[in-house]
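Student: Please take me through this structure, one feature at a time.

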Amino acid sequence: MKATFKEQDCQKEGLHGHGNGKQGNKLLKGAALLGGAAVLSKLLGTLQKIPLQNVAGDVAFGIYNAVYPLYILILFAATAGFPVAVSKFVAERVMAGDHPGAKRIVVVSSALLMSAGFFLFLLLYFGAETIAGWIGISQTVTAIRSVSFALLLSPVLAVLRGYFQGYQNMVPTAVSQVIEQLIRVITMVALLLYLVALAYDEAWIAAGATFGSVTGAGAGLAVMAVYWRRERRAERIKHLKADLPADVELEGESGQDVRKVVAAGLEVEQVSSSWQWAKRITVYAIPVCLGAIVVPLLTLVDTFTMPRLLDALFGSELEAMRQFGLYNRGLPLVQLVVMVASSMSAVLVPAIAEAKIRGQVDLIRFRAEMSIRLAWLIGLGASFGLAFLAMPINLMLYTSTEASWTMAVLAFTALFSTLNAVSASVLQGTGAIRTPVLALLVAIVLKALGNVVLMPRWGIDGAALSAVIAYAAAAGLNLVQLRRSTRVRFALRPYAVSPTLAVGLMGGGLAALQGLAMLASAAWHVPERWSASAIALIGVAGGAAVYALVLLRSGSISREELRLMPELERKLARLQAKLRPPNRDE
C-alpha cells in the first residue's frame, strides 16, 4: 500500500514523468543509503574520542571536548540550513527542466557560504584568546585556532551535498560523509601519536585532534569535486550527442540576431536572479539553521559553564580540564544509544506524515505509540545496562575507574535523549515542528541552571544530574504535546510493570556476573583491565539478551512492534512464538 501510495503521489506531483514507481524506489534507496552513511560516520566520530583519552589523558580530552562543540555550533549556524535549501530549490529547477538554473543556485550559495565561512574563520582565529577567556581555560586557544581552518572548506562541501540531494542522488553525500569522518579519525590518531611522541603539551595535542576536522572537510570536498566534475563531463557528452535542429534553422543574419537577443535576455536574468536567489536561499535556510543549532547549544552550555565552575571548585585550571575530561567519558556511550534511536526515527517522519495526509487518525496514533514504546524500551534497557556496567566499561575504555559514578548517572541521559529524539521525529511527522525546538530551549536553560546550582556541591556528578533533568524535561514536553496532538495512550503494564521486571532481572544477572568475575580474577591473577573488558563485553551481550527475553515473554514487545523492524522480526519471530504463543490479544 505504501509503494502504491507513493507512486500515485509522485504522478500527481509530476516529479519524474514516469508512472512505474522508479522515482519512489530511488528516493527510498537514497534515503536508506544516506541513513546508513550517517550512522557509520557518527559511529566513527563517537569512537574516535576513546584513543584520544587513552593516549593523551583526561586534560587533553577535556580541552578537545571544550572546543569541538563550539566549532559544531558555529558550523551549524553557518551552514546547517543550506543543504536543505539548496536541495529544495535545485529540485524545483530540475522539475522545471532548468538545469543551468540549478547550477546557478550552487554558485550563488557557494558565494554566500564562502563569505560567511571566511568571516567566521577570522572570528575564531583572531578571537581565539577572547573565546578562551569566555570558556575560562587559556589552554583552549591553540585548539580553537586549529579547528577554525575547517570553516574555509565546510561551506562549499555543504552546498555541493545539497545540490546532489536536489537531484535525489544521495551517493555523493553518503560517500563524502564516510570519507570525511574516516580521514578525520586517521588525522587525529596520527597527529596524536606524533605529538605525544615529541612530548608536546596537552594544548597542542588537543589542537592536533581538532585539526582532523580540517583534513576531513578537505577530503569530503575532494570527493564532492570528483562527483561534480564527473557530472559536468557527462553533461558535455550528452549535449554533443543531442540533435540540434533549432540551431540549423537559426543560421544567417536573422538567426544571429535571435541568438543575440536570447543571450542578452539570459545575461540580464542571471544578474537579477542571482540577488533574488541569494535572498530566497537565505530566507529559507535561516529558520532551519536556527533549529539545527539548538542541540549543539545544549552541549555548549557545558563548555561555557563547567570549566569556570570546576576552576572555582578546585582552584586549578589544569584540574578543571581534567575533571571536564572525566565528565565527558560517558558521553560517547550515550551518543551511541541515541544514534541507534535517531536512525530508527528517520523512518517515522515520512510514515506518520503519509498517514496524516491520508487522514488516518488511528494509524497516526498506532505508529506514534509503537515508536514511543520502542524508544522507551531501548532507552530504558541501555540506560540501566550502562549504569550497572559503568565501572568495568570505564576501566575497559579509559584505563581507570575514576568518575564511574558520573558515568552511571550520565547513562540515564540515554533514556531521555532517545525519547526526545524519537518524540521530536513523530511530532515533525504530524506537523508540530515548533514543540521540539522549544523543548530543547527549555532544556538549555535547565542545564545551565542545574550546573550553577549543583556543581558547587557535587562537582561533575552535579553536572551529570543536571543533564538528566534537562533531557527529561525536553522529552516530557514533547510527550505532552504528542499526547495532545495524536491522543496516544501510555498504558502502565507495557511501559512500567514488564520493563521494571526486565531491568531487575538484568541487574541481578549483571551483579552476579561482576561478583563471580572478581573472584575468578583474584584466584587466577588476571590483569585488572582484561578482567574488566571481559565483564563489560559479556555483560553487555548477556544483559541485553536477558532484558530482551523478558520483554518478549511478557508481551511488552508485540508482533506489531517487530513488524516495524523486518530484519529483527525474522530473527526473533520463532523465539517469540516459543516464549509466548499467539493468544486472543494478538
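**A working conversation on the model**

Tutor: Leu510 lies in helix α25, residues 492-524; helices (H or I, at least four residues) and strands (E, at least two) are DSSP runs, numbered from the N terminus. This is a predicted model, in which local features need pLDDT of at least 70 and side-chain atom pairs count only at pLDDT 80 or more, while totals for chains, interfaces and linings use all residues. Residues are numbered from 1 along each chain as its sequence is written, and side-chain values use heavy atoms, with hydrogens and water left out.

Student: Is Leu510 buried or exposed?

Tutor: Leu510 counts as buried because its relative accessibility is 4%. Buried means under 20% relative accessible area, exposed means over 50%, and partly exposed is in between (1.4 Å probe, protein chains only).

Student: What is Leu510 in contact with, beyond its neighbours within four places in sequence?

Tutor: Leu510 is in contact with Phe388, Leu389, Gly539 and Gly543, where contact means heavy atoms within 4.5 Å. Leu389 is 121 residues away from Leu510 in sequence, yet their C-alpha atoms are 7.6 Å apart in space.

Student: What does Tyr327 touch, not counting residues up to four places away in sequence?

Tutor: Tyr327 touches Asp302, Met306, Thr406, Leu410, Lys447, Ile460, Ala463, Ala464 and Ala467.

Student: Why is α4 described as largely enclosed?

Tutor: Of the 22 residues of α4, 20 are buried, so the rest of the structure largely encloses this helix. Its end C-alpha atoms are 31 Å apart, which agrees with the 32 Å that its 22 residues should span at 1.5 Å a residue; the expected span is 1.5 Å times one less than the number of residues.

Student: And α5, what span should it have?

Tutor: The 15 residues of helix α5 (residues 81-95) should span 21 Å at 1.5 Å a residue, and its end C-alpha atoms are 21 Å apart, which agrees. Among the buried residues of α5 are Phe82, Val86 and Phe89. Gly97 follows α5 and has a positive phi, near 80°.

Student: Where is Thr140?

Tutor: Thr140 is in the loop between α7 (128-135) and α8 (141-148). Thr140 counts as buried because its relative accessibility is 0%. Leaving out residues up to four places away in sequence, Thr140 touches Ile63, Ala66, Val67, Ala132 and Ile135.

Student: Changing topic: how many salt bridges are there?

Tutor: A salt bridge is a side-chain nitrogen of Lys or Arg within 4 Å of a carboxyl oxygen of Asp or Glu. By this rule there are eight salt bridges. One of them joins the side chains of Lys103 and Glu231 (3.7 Å, N to O). Lys103 lies in helix α6 (residues 99-126) and Glu231 in helix α12 (residues 212-241), so this pair ties together parts that are 128 residues apart in sequence. Lys103 and Glu231 are both buried.

Student: Which residues are linked in a network of salt bridges?

Tutor: The network links Glu319, Arg322 and Glu402. Arg322 is partly exposed, with a relative accessible area of 23%, and Glu402 counts as partly exposed at 34% relative accessibility.
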